[in-house]
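Me: Could you take a close look at how the helices pack in this model, and walk me through one part of it with the cut-offs behind each term?

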Amino acid sequence: MIKGQDIVVVGIQAWDIEIGSNCKNIASEFAKHNRVLYVNPPLDRATLKREKNTEKVQKRIRIKNGEENGLVKLEENLWNLYPESMIESINWIPFHPIFKILNRRNSRIFSNDIQDAIDHLGFKDILIFNDSSMFLGLHLKEFLEPKSYTYYMRDYLIKVPYWGKHGSRIEPQVIQQADVVVNNSTLYAEYGLKYNTNSFMVGQGCDVSLFNDENGSIQIPKEFDSIPRPIIGYVGYLTSMRLDIALLEYMANMKKDWSIVLVGPEDDDFGRSDLHQMDNVFFLGSKDASQLPAYVKGFDVAMNPQVVNDWTIGNYPRKIDEYLAMGKPTLATQTKAMEMFKDHVYLGTNKEEYIQLAEKALTEDSPELQQKRIAFAKSHTWENNVLAIYDAIKKSA
């Protein structure tokens, strides 16, 4: 446990992001025993041009013009900073030496805004927690002189074109200079170890309270009444970047007495797929997050049929915890990130194994196994995740 410290959290997601954020959950957990400043990414010129009429950018313009305070108290011990300065959009620059010079300038501007907030709040001997902000984060240790600098990896960003262009050179430098590197999967921890001996796998937090059905109060939607069982189901965004359409088509063709139920919005590839012509495949559409537990309850087996690529191989799939929190037999693609689930999830490496494992999951499910799954999911709390981060920071001190 770390208590009574001043922590500055920076990252690539602003506090006012619409989707869930690991970094926000971690910052809130930090703030239970420490003072925390959560810093939004600064406004850049390209975003200003592209999204000028949105309320988010208009708010940042008002802050930039001094019409609104950019330092907001969210709760006891937790503040959110909207940097008032704008930085230049430089990722398009093809020449890395020029990019480095301008990136340092951006980082100096960003650091000055953070330092002003630190001084205003009276923070001393700060700890920096950097959630994957590799470009602006390269010089934060130099400019802000923290007592400790932690770099957090939860996605293989250098395999994403935007980040990979300069990040393949920059991120190893950030990892190398960090006092500690914390990661939510074994794959990222091993990557970090190439550049820093203090690279640790700390797992992932997840709030599974919404998926708690131990009192049996969650009702299966009426849509399931007309769907033949057994039902093998998935909830989430249906995108070919992460999910294996060919695998789903194979399952539906090979097991026509099974119903494949897919809950969530579709990308164009899913919309054009042959799955829509299959009688035993059911697309139930996008649902509000609060409704998802009811749909998961309707599955006989829950699945995460990931395609293995640079985006998914190390990605921690939070939906696995949600499936397990409802005690569901869960089928998923075997990846490095899924190793920690191997005692509670059926892990397949090919389409034939998916069929075999789904059959096994249907056959051997029991109340005892359901309780073990629920207990395992409950162990992945944000409190436990942050305790592991604290331990990693202490080891590097």
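Reply: Helix α1 (residues 22-30) packs against helix α15 (residues 382-396) at an angle of about 80°, their axes lying 10 Å apart, where helices are DSSP runs of H or I with at least four residues, strands are runs of E with at least two, and both are numbered from the N terminus. Axes are lines fitted to C-alpha atoms, for helices over the stretch in contact, and angles run from 0 to 180 degrees between N-to-C directions. The two helices α1 and α15 are therefore roughly perpendicular (65 to 115 degrees) to each other. This is a predicted model, in which local features need pLDDT of at least 70 and side-chain atom pairs count only at pLDDT 80 or more, while totals for chains, interfaces and linings use all residues. Residues are numbered from 1 along each chain as its sequence is written, and side-chain values use heavy atoms, with hydrogens and water left out.

On the α1 side, Asn22, Asn25, Ile26, Glu29 and Phe30 make contact (heavy atoms within 4.5 Å) with Trp382, Glu383, Asn385, Val386, Ile389 and Tyr390 of α15. By class, this contact of α1 with α15 has six nonpolar, three polar and two charged residues, with Ala, Val, Leu, Ile, Met, Phe, Trp, Tyr, Cys and Pro counted as nonpolar, Asp, Glu, Lys and Arg as charged, and the others, Gly among them, as polar.

Terms used
Angles under 35 degrees count as roughly parallel, over 145 as roughly antiparallel, 65 to 115 as roughly perpendicular and the rest as oblique.
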